[in-house]
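Hi,

Here is the structure I said I would pass on.

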Amino acid sequence: MGEVVKHGVLEPTLFTWLEKNSEKILKRDVSTIQKMLVKNIEIKQAIVESDEKESGQRMLLNLGHTFGHAVEQLSGYAIPHGQAVAIGLVYAMAYARMEESERVVSLLHAFGLPSHLETPYSAKSMVKAMQSDKKNRGKNITLVLPQTIGEVHIHTNETPSKIERFLKKYHDQNR
Ligand SMILES: [Zn+2]
């Protein structure tokens, strides 16, 4: 479900639909779940197709994954992918100072997903894990950052030191 909320942040009509249908989804209402799956496939396809015209759009699907993969990796893969993506999405929203991030956190919680770790990994180990990602070889790190629901941008040149400063501050503030 972490991936579904991620798609919702990329596509506002899906986000609103998820908010309206979260109870039915939790109750595993079959037709609602089927609709949800179809909507998700459509969004993924639309992004992959736009990638053919405008290069790099496919990167949008990595929203929440750069921070998320670091969490997943540091947990020794004890944290499931969907949960790591949820946590990574919240990091990306905080980094981007995203508007409406509270709505996203509420939806994650409605689906029983975490928004943070009780005991976060150190800023240094997070950045190190992010740099070990093959997509971030070399100096700077690519982050997919949401401005608001439906407005998400790819930032290819975020410095490890800036990310580390952010993580330290964020962990201190959310203790
Ligand atoms: Zn994923």
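This is a predicted model: local features need pLDDT of at least 70, side-chain atom pairs count only at pLDDT 80 or more; totals for chains, interfaces and linings use all residues.

**The chain as a whole**

The secondary structure comes to 8 helices and 2 strands. Starting at the N terminus, the order is α-α-α-α-α-α-α-β-β-α. As for dimensions, the C-alpha trace spans about 45 × 40 × 30 Å along its principal axes. The radius of gyration is 16 Å, and that agrees with a compact globule, because a globule of 175 residues would come out near 16 Å.

**Around helix 5**

Helix 5 (residues 81-95) has helix 4 (residues 65-74) against it: their axes come within 7 Å and cross at roughly 130°. With angles over 145 degrees counting as roughly antiparallel and 65 to 115 as roughly perpendicular, helix 4 is therefore oblique to helix 5. The crossing is right-handed. On the helix 4 side, the contact is made by His-65, Thr-66, Phe-67, Gly-68, Val-71 and Glu-72. Helix 5 brings His-81, Ala-84, Val-85, Ile-87, Gly-88, Tyr-91 and Ala-92 to that contact. Sorted by class, these are 7 nonpolar, 5 polar and 1 charged residues.

Helix 5 also meets helix 1 (residues 2-10), where the axes come within 7 Å and cross at roughly 35°. Here Gly-2, Glu-3, Val-5, Lys-6 and Val-9 of helix 1 touch Gly-82, Gln-83, Val-85, Ala-86 and Leu-89 of helix 5. That contact divides into 5 nonpolar, 3 polar and 2 charged residues.

**Helices 7 and 8**

The axes of helix 7 (residues 123-132) and helix 8 (residues 160-173) come within 9 Å and cross at roughly 140°, so helix 7 is oblique to helix 8. This crossing is right-handed. Helix 7 contributes Ala-123, Lys-124, Met-126, Val-127, Met-130 and Gln-131, and facing them from helix 8 are Pro-160, Ile-163, Glu-164, Leu-167, Lys-168 and His-171. The split by class is 7 nonpolar, 2 polar and 3 charged.

**The hairpin**

What joins the two strands? Strand 1 (residues 141-148) and strand 2 (residues 151-158) run antiparallel and are linked by 6 bridges. The strands form a hairpin with 2 residues between them, and Gly-150 in the turn has a positive phi of about 95°.

That's it from me. Happy browsing!

Terms used. Residues are numbered from 1 along each chain as its sequence is written. Axes are lines fitted to C-alpha atoms, for helices over the stretch in contact, and angles run from 0 to 180 degrees between N-to-C directions. Helices (H or I, at least four residues) and strands (E, at least two) are DSSP runs, numbered from the N terminus. Angles under 35 degrees count as roughly parallel, over 145 as roughly antiparallel, 65 to 115 as roughly perpendicular and the rest as oblique. A crossing is left-handed if the near helix is turned anticlockwise from the far one by less than a right angle, and right-handed if clockwise. Two residues are in contact if their C-beta atoms, placed from the backbone, lie within 7 Å. Ala, Val, Leu, Ile, Met, Phe, Trp, Tyr, Cys and Pro count as nonpolar, Asp, Glu, Lys and Arg as charged, and the others, Gly among them, as polar. Two strands pair if DSSP finds at least two bridges between them. The radius of gyration is taken over C-alpha atoms; the globule rule is 2.2 Å times the number of residues to the power 0.38.
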